[in-house]
Amino acid sequence: MSDQDRHDVIVVGAGISGLATAATLHAAGVDTVCLEARDRVGGRLLSTPVPGTGRALDLGATWFWDGELRVRDMAARAGLETFEQHLAGDAILEEAGGVRRLTGNLIDGPSRRFATGAQHLATALAAELPTDRLRLGTPVLAVRPDGLQGLHVHTAADELHARHVVLALPPALVMERIDFGDALPAELTRLARATPVWMGNAVKIVAQYPSAFWRDSGLAGAAFSRSGPLQEIHDMSGPGASPAALFGFAQARTIGPGLERVTEQLARLFGPEAATPTSLHLQNWSAERWTAPSTVQHLGDYSLFGHPLYRRAALDGRLHWASTETSAGHAGHIEGALAAAERTAQTVLTSRCRRTTQCAQPGTSERTRAQVADPDR
């Protein structure tokens, strides 16, 4: 094995948690490489640009909320424009007996969005890494202890070695895609296989229109439906209602080969103009092989999110978990992914400090240094 394939840390996954972990460690002077199976960064942060607008529509994570300071601060550092989710107007409830208009928006709450799409958070973090520190199209096949003080990481093309490995992927996906042999404790294996994947069972559909016509009728663009196929719907229009869009979530099993049922439902709820969007985007997260394991439809115990075992490094303190599902707070949110990344970076930096007496390396963020001192901050 060449020296260039030996590293202090290998991060598996270039979603927001993996990139945040890698960027923090790299800034602290730690030899870190991030491996990503896809040919893009972002994971469940996926945005499709709207031509001619400089805006984007989010096909994955969309919002962040008051009190989620990590996301707020990261967006500010990256110079990303954020704006308030549209709330004004009445909501709609669809039941078996028909459609009812509800006075006021009882569905949405105050939140913020990213004008150029949530995926820009990930691309901004990726830009903090040297090009040779981020390897796309590189799925990890196996992780094994080396019998000494590190871990072997096997990809289709290479074998790498690291003192620490960070798993920035949904735990159930890790267990299906990566071979650990019999190295992991049985309790941890059972937990990881049973933990749901946030958004892993969801289909997100975004309908773009020439204008936000529903607002002219006093509607907020928010709806709940017991009939489907979309179970909840929200206004996804950009700042100043441009681009104009609605989006909804559905279960994968309720979406057929065509999207006629979706546009028919939108027309029932918001009027005939909703039947003819200028574009219709479908993102089936349950069919994403690098997001959802084959068992995703059967994983429903969300109380496993943030389980204490995920906050304990396994394999003699060398294997770490850093996806949003493992966060003790804000699990399932972008904030949760960033919190998990902070926790993991702290653990690695603390271990490095003990081993080399190199603590609080130059470049480590003020937030990370404070977190090392106070992990519950």
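This is a predicted model: local features need pLDDT of at least 70, side-chain atom pairs count only at pLDDT 80 or more; totals for chains, interfaces and linings use all residues.
1. Start with strand β10, residues 140–145. It runs antiparallel to β11, and five bridges join the two. Proline 145 stands opposite leucine 151 of β11. Five residues lie between the strands in this hairpin. One of the residues there, glycine 147, has a positive phi near 85 degrees. Next comes strand β12, residues 159–167. β11 pairs with β12 in the antiparallel sense, here over four bridges. Histidine 152 has histidine 161 of β12 as its bridge partner. Three residues separate β11 from β12 in their hairpin.

2. **The two faces of β11.** In a regular strand, side chains alternate between the two faces of the sheet. Which residues of β11 make up the covered face, and which the uncovered one? Leu151, Val153 and Thr155 form the covered face. His152 and His154 form the uncovered face. His152 is also the residue bridged to histidine 161 in β12.

3. **The β6–β7 hairpin.** Strand β6 covers residues 90–95 and strand β7 covers residues 98–102. They pair antiparallel over five bridges. The hairpin that joins them has two residues in its link. Glutamate 95 is bridged to glycine 98 in β7.

4. **Helix α3.** This helix spans residues 119–126. Its buried residues include Gln119, Leu121, Ala122, Leu125 and Ala126. Why do they lie on the same side of α3? They cover an arc of only 155 degrees around the axis, so they share that side. The general rule behind such patterns is that an α-helix has 3.6 residues a turn, so residues three or four places apart point the same way.

5. **Aromatic pairs.** A pair of aromatic rings is described by the distance of the centres and the angle of the planes. The count for this model is eleven aromatic pairs. In one of them, tryptophan 63 and tryptophan 65 have ring centres 5.9 Å apart. Their planes stand at 55 degrees, so this pair is tilted. Phenylalanine 247 and phenylalanine 249 have ring centres 5.4 Å apart. Their planes stand at 90 degrees, so this pair is edge-to-face.

6. **The aromatic cluster.** Trp63, Trp65, Phe247 and Phe249 belong to one aromatic cluster. Tryptophan 65 has 30% relative accessibility, so it counts as partly exposed. Phenylalanine 247 and phenylalanine 249 are both buried.

7. **Cis peptide bonds.** Most peptide bonds are trans. The bond between glycine 228 and proline 229 is cis, with omega about 10 degrees. Proline 229 sits in the loop between β14 (219–225) and β15 (232–235). The bond from serine 242 to proline 243 is cis as well, with omega near -5 degrees. Proline 243 is in the loop between β15 and β16 (244–251).

8. Most residues other than glycine have a negative phi. Leucine 315 has a positive phi, near 50 degrees. It is in the loop between β17 (279–284) and β18 (319–321). Leucine 315 has a relative accessible area of 11%, so it is buried. Histidine 330 also has a positive phi, near 60 degrees. Its loop runs between β18 and α8 (334–356). Histidine 330 has a relative accessible area of 36%, so it is partly exposed.

9. **The largest pocket.** Its volume is about 930 Å³. The lining has 50 residues. Arg44, Trp198, Met199, Gly200 and Gly332 are the ones nearest the centre of the pocket. Elements that give two or more residues to the lining are α1 (16–27), α4 (171–177), β13 (202–209), β16 and α8. Which element gives the most? β16 does, with three residues. By class, the lining has 27 nonpolar, 17 polar and six charged residues.

Key:
Residues are numbered from 1 along each chain as its sequence is written. Side-chain values use heavy atoms; hydrogens and water are left out. Two strands pair if DSSP finds at least two bridges between them. Buried means under 20% relative accessible area, exposed over 50%, partly exposed in between (1.4 Å probe, protein chains only). On a 1 Å grid over the protein atoms alone, a cavity is a set of points where a 1.4 Å probe fits but cannot get out, and a pocket is an open set with protein on both sides within 12 Å along at least five of seven lines; lining residues have an atom within 4 Å of a point. Grid points are joined across faces, edges and corners, and a volume is the space filled by probe spheres set on the points. Ala, Val, Leu, Ile, Met, Phe, Trp, Tyr, Cys and Pro count as nonpolar, Asp, Glu, Lys and Arg as charged, and the others, Gly among them, as polar. The arc is that of the directions from the helix axis to the C-beta atoms. Rings of Phe, Tyr and Trp (its six-membered ring) pair if their centres lie within 6.5 Å; planes under 30 degrees apart count as stacked, over 60 as edge-to-face and the rest as tilted.
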